[in-house]
Amino acid sequence: MKIIAVITSLLIFVSLYLIFGYARIEGTMLEVQKIFYYHVSAALTVFVAFGVNCVFSIKYLIQRKPNDDLLAVAAAELGIVFCTIALLSGPIWARYAWNTWWNWEARLTSTLVLWLMYIGYFILRSALEGDKRRIYSAVLGIIAYLDVPIVYYAVDIWQGGLHPDRGTKWSLEATMRQTWMVALIALIMLFTFLLIVRYRMKKAQARYEIIRQKHLGEVS
Amino acid sequence: MKIAVLVSFLAVLIVFFFVAQIPITLTSDEVDKAVSEATTASGGSVDEELLAQAVQLSVAKLEKGQSTRLKYLASAYLVIWLVFVLYVLQLERQQQELDKRLAQLEQESDDA
């Protein structure tokens, strides 16, 4: 765990150094283009986070192990955090590049829908108890994940939006591509670290509830 | 945990201010000197005062543009960091609450 924390911290500092001190300044957007490195990386980490949620939701529905549900919830929570980052940093870029904070184009709208669906996931969880909560939220987690490929392929499906083609990030100049790769790995490592922390906390909370119920039973 | 968050936040600010490609402000003396050197080197006759004025205006415009762009960049990274910091603080609050509840349960168990 400590090793992951150290590697993650190092990668974050290295990525920040590369962003501000190494990557070439892009010709059109100039310094503002540097938002790209964390914005796009956060957006891709969202896919990983909700992917983990989907996998463990399926696993829970098959095996009915409560720990799978806890891991799915932890991943969904982090997915929302990273999605919030992508949704907040995007408009700052948009204001400079497109002269507007928000535009109802396909990728932006589908990302907002994704964020809202996972907010709904937590609202559903707070409204239910026990097995019902786990089963219903696992089903919703799987359904919500269907929006991920829509977000990813939105620029291809609904052409003419403001976002560039999917392939643009791979055709970046060498220093920019290297910087982006480090930023992406840093955020995925950060997600992994926070996922472990959150999962352990959720497990401790669940264990506390079991002990408390047992204790209350003994007292009465 | 709070210290770690604070240290990481300060580290980001330090990285930003020391490594960022911040504009180099040109003084009017530097512009005058550069214009004078350039006209001497070219050997042509130009109105140095007018040229210096034009150069200064261009530099001011470029610097203003760069300053605006850096504000956008700094705002974006500040927002990103703020989301992480708020999330980590929320985790810490939940952990403290759980510790408190566990201590309470232990106390109740001892009393019983």
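Let's start with chain B, where buried residues make up 4% of the 112 residues. Here "buried" means that 20 or more other C-beta atoms, placed from the backbone, lie within 10 Å of a residue's own; "exposed" means 12 or fewer, and "partly exposed" is anything in between. What you're looking at is a predicted model, in which local features need pLDDT of at least 70 and side-chain atom pairs count only at pLDDT 80 or more, while totals for chains, interfaces and linings use all residues. Residues are numbered from 1 along each chain as its sequence is written, and chains are lettered from A and ligands numbered from 1 in the order in which they are written.

Chain B has 3 helices and 0 strands, so its pattern along the sequence reads α-α-α, with helices (H or I, at least four residues) and strands (E, at least two) taken as DSSP runs and numbered from the N terminus. Among its contacts between residues at least 6 apart in sequence, 70% join residues at least 24 apart. A contact here is a pair of residues whose C-beta atoms, placed from the backbone, lie within 7 Å.

Chain B averages 78, with 76% of the residues scoring at least 70. Within chain B, H1(B) is lowest, at a mean of 62, and H3(B) is highest, at 86. Chain A has a mean of 91, and 96% of its residues reach 70 or more. Among the elements of chain A, the lowest mean belongs to H6(A), at 87, and the highest to H2(A), at 96. The model as a whole scores ipTM 0.89 and pTM 0.86.

Now to where the chains meet. The contact takes 29 residues from chain B and 29 residues from chain A. On chain B's side, helix H1 (2-19) and H3 are the elements that give two or more residues, and the largest share, 21 residues, comes from H3(B). By class, that side of chain B has 20 nonpolar, 6 polar and 3 charged residues. For these classes, Ala, Val, Leu, Ile, Met, Phe, Trp, Tyr, Cys and Pro count as nonpolar, Asp, Glu, Lys and Arg as charged, and the others, Gly among them, as polar.

Next, the inside. A nonpolar core is a set of buried Ala, Val, Leu, Ile, Met, Phe, Trp, Tyr and Cys residues joined through C-beta atoms within 7 Å. The largest one has 63 residues, and those with the most contacts inside it are A:Ala49, A:Ala75, A:Phe82 and A:Ala183. H3(A) gives the most to this core, with 17 residues. Leaving out residues up to four places away in sequence, A:Ala49 touches A:Ala75, A:Leu78, A:Gly79, A:Phe82 and A:Phe191.

Finally, visit two loops of chain A. A:Leu30 sits between H1 and H2, and its phi is near 50 degrees, a positive value in a residue other than glycine. A:Leu30 is partly exposed, with 16 other C-beta atoms within 10 Å. A:Arg64 lies in the loop between H2 and H3, with phi near 55 degrees.

Technical notes. Contact = placed C-beta atoms within 7 Å. pLDDT = per-residue confidence, 0-100.
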